[in-house]
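User: I have a new model open and would like to go through parts of it with you. Can we start with the pockets?
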Amino acid sequence: MLDMLDLSDNYALDVMNLLQELSRVASGSNQTTLPSLRWLNIAKVQSYYSNTPVALDARFFEILSKREIEYLDLSHFYIKELDLIAFSKLCGHLKHLVLKNASIITNQTPLIAGNRSCTSLRTLDIRNMNFGYLMHFINLIPGNVDKSIILMLFMPSIFHLFPNVNTLLMSNVLHKDQLVETNLTGSVFNLTRYEFTFRKIDISNNNLRLFNVSVVLHPNTSKSLNEIDFSGNGLVYISPQAFHSSIYIQHLNLSGNNLNEMVKHHNSDFEILLNPLRKLKVFSLSNNGLTTVPHNMFTNNSELRHLDLSDNFLFQIDFTFEHLIKLQILDLGGNRFRVLNVDMFLQCESISQYQNDTNNSSYIAGDSNLDVILYKNPMECKCDDIFIRSVEWIGNSGFVRDDELLPVCSLDNKEIVISKTASQKTKEYCHLIEVLRIALIVGIVSASILFVCVIIVIIWRRRLNKKNALGRFVKKIKVGNKLKNLIFLSFCKEDGDNVLESIFPRMKEEASLALECDRNLVCCGEFNFKPGVSVCIEVMRCIEESAVIIFVVSKTFCQKSWCKMEVDTANAMRKPAILLMLETVKLEDMTPCILKLFNRYTRASWVRDQNGGHPHPPWPVLIKYVLELGSSFNVENQTREEYMSEQYDADSNVNDVSI
């Protein structure tokens, strides 16, 4: 005998015609059509395609009640009328009622049939169902009244009709386009007078934003309740008191919410959320935007088998889980792990060691060992010790046995699956990088040493050349061929007494002493001009035969035309010059050439004392600078023939002049 009838998705099927056929009595028999029918699926029939509402009235349920229907699927029905009293006629044998995506379009609230409970029903599937009458009733409530209170008052009475339902599926019942987000706050949801037998409750995708209520269940309901699904609600807070009576829950799904907000603002409540659930085995917190999990969140959940923290923003494990000795799956996929911290290694290894110890009778034989899922994490292949240990641990631990779920990391712009071979590849790559790094360091150090050596040689050569040039210059002065004088001392007549008494004698003495020469090396017009010769010619001759010119500058010196002529002549011959300032002279009183020397080069000054005065810097230093200045000028201006001649003389003369 036919006991199953699936007429779903038949757009031409009229429900009323079907009912007439089912109520027809066959000729020659007193039995109706399909008397043994137990399973009936009429989802998406003409009512769905034509938007024709169907009345689930007394006649509808009367016809079905003549058969012991155990499974009835009315999904996608447009229900004009729902007679719960008539429906109760099916409750002696109906076990599974499916009303997915159905719509109750009446604005009349159905009569709740007091004591007429449907004790046979085990599964009630009203996912995505549109309670038009309920929404109409809620919309009549003033805006200042919390509409969620109506749900708390109304739903228990509805569920009282189905006291033995094991599976209640009511996902997306509070449609987002019909009801704003639902906030259940500051209430006690007392269900102690309703002895439900729920094992699974699915209230996912119902736009529950706040669930700040204390739920109190009947003791028998508390024992039977095994699984709750809160996923996809956008929850930002769920009270720890919500599970205070649900101590026997083994499956809890909180995925697809915004509980990262609860971690930020109510971390202590989030940490104790699971404390009552000591028998919890499967728990999901995936896709909640979490960046961290409280340290002691799983303290009381030692029975956990499956912990899903995937698709969050975790970058390290900072919570304790080593006491979860029965843990079989730790799903960390789709997070932000770049490396795995040592604490995670140690906790996983502690669990694995316990599970592999056959002497532990508390671990049930046959349970699978720990799997850690790490795929879809932005792992970085690095050469530091922590990452190498991560690779070796992943490859050797055996915690991840499904190759499709193995994590990958980027190595030299290539993605490498982190397995046993990845450890060797990473080590080889890191060894190559280390060799290149050492080679680079050695190259840099060698280049640096070479550069320093070159600089030292250059400096040494320059000092040697400077010393040799100074020696040749001194010899040239002492020989007195072209350069007969070391210094030409220029001063005005008004300063003559002071210069001839205090400056000239001491300068001549210091110059002869520095060059170890008995000849006068300082040219002074008073003593070196030839009689009867033009003063201009003699000035030019003396300047040309002198290595360095020292101008004794005073206010009067700047005003004298002869002094100006001497300065201009020295400048024209590009002779090195030093200003010896007898006194402070204003800049506007200086001639252009003197001002140029004053601004461009350092100067010496004459400091008067009881002995007539002394220069600053002292005589030995001043004469030393004169020699260096004259030597540099001599090297820059000598011809190639003069340089070769000096080199020849220096090589042939063994006795060099020492300074």
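User: How much space lies in the second largest pocket?

Analyst: About 510 Å³. This is a predicted model, where local features need pLDDT of at least 70 and side-chain atom pairs count only at pLDDT 80 or more, while totals for chains, interfaces and linings use all residues. Residues are numbered from 1 along each chain as its sequence is written, and side-chain values use heavy atoms, without hydrogens and water.

User: What counts as a pocket?

Analyst: On a 1 Å grid over the protein atoms alone, a pocket is an open set of points where a 1.4 Å probe fits, with protein on both sides within 12 Å along at least five of seven lines; lining residues have an atom within 4 Å of a point. The volume is the space filled by probe spheres set on the points, which are joined across faces, edges and corners.

User: Which residues lie nearest the centre of that second largest pocket?

Analyst: Pro576, Ala577, Leu597, Tyr601 and Leu629, out of 21 lining residues. Helix H17 (561–572), S27, helix H18 (592–600) and helix H19 (619–637) each give two or more residues to the lining. H19 has the largest share, with 4 residues. Helices (H or I, at least four residues) and strands (E, at least two) are DSSP runs, numbered from the N terminus.

User: How many of the lining residues are nonpolar, polar and charged?

Analyst: The lining has 14 nonpolar, 2 polar and 5 charged residues. Ala, Val, Leu, Ile, Met, Phe, Trp, Tyr, Cys and Pro count as nonpolar, Asp, Glu, Lys and Arg as charged, and the others, Gly among them, as polar.

User: Which strands does S27 pair with?

Analyst: S27 pairs in the parallel sense with strand S26 (residues 546–553) over 5 bridges, and with strand S28 (residues 604–607) over 2 bridges. Two strands pair if DSSP finds at least two bridges between them. Ile549 has Ala577 as its bridge partner in S27, and Met581 has Ser605 in S28.

User: Different topic. What is the strand order in the open sheet of 4 strands?

Analyst: The order is S3-S5-S7-S9, with parallel pairing. Strand S3 (54–56) and strand S9 (130–131) are the edge strands, each pairing on one side only.
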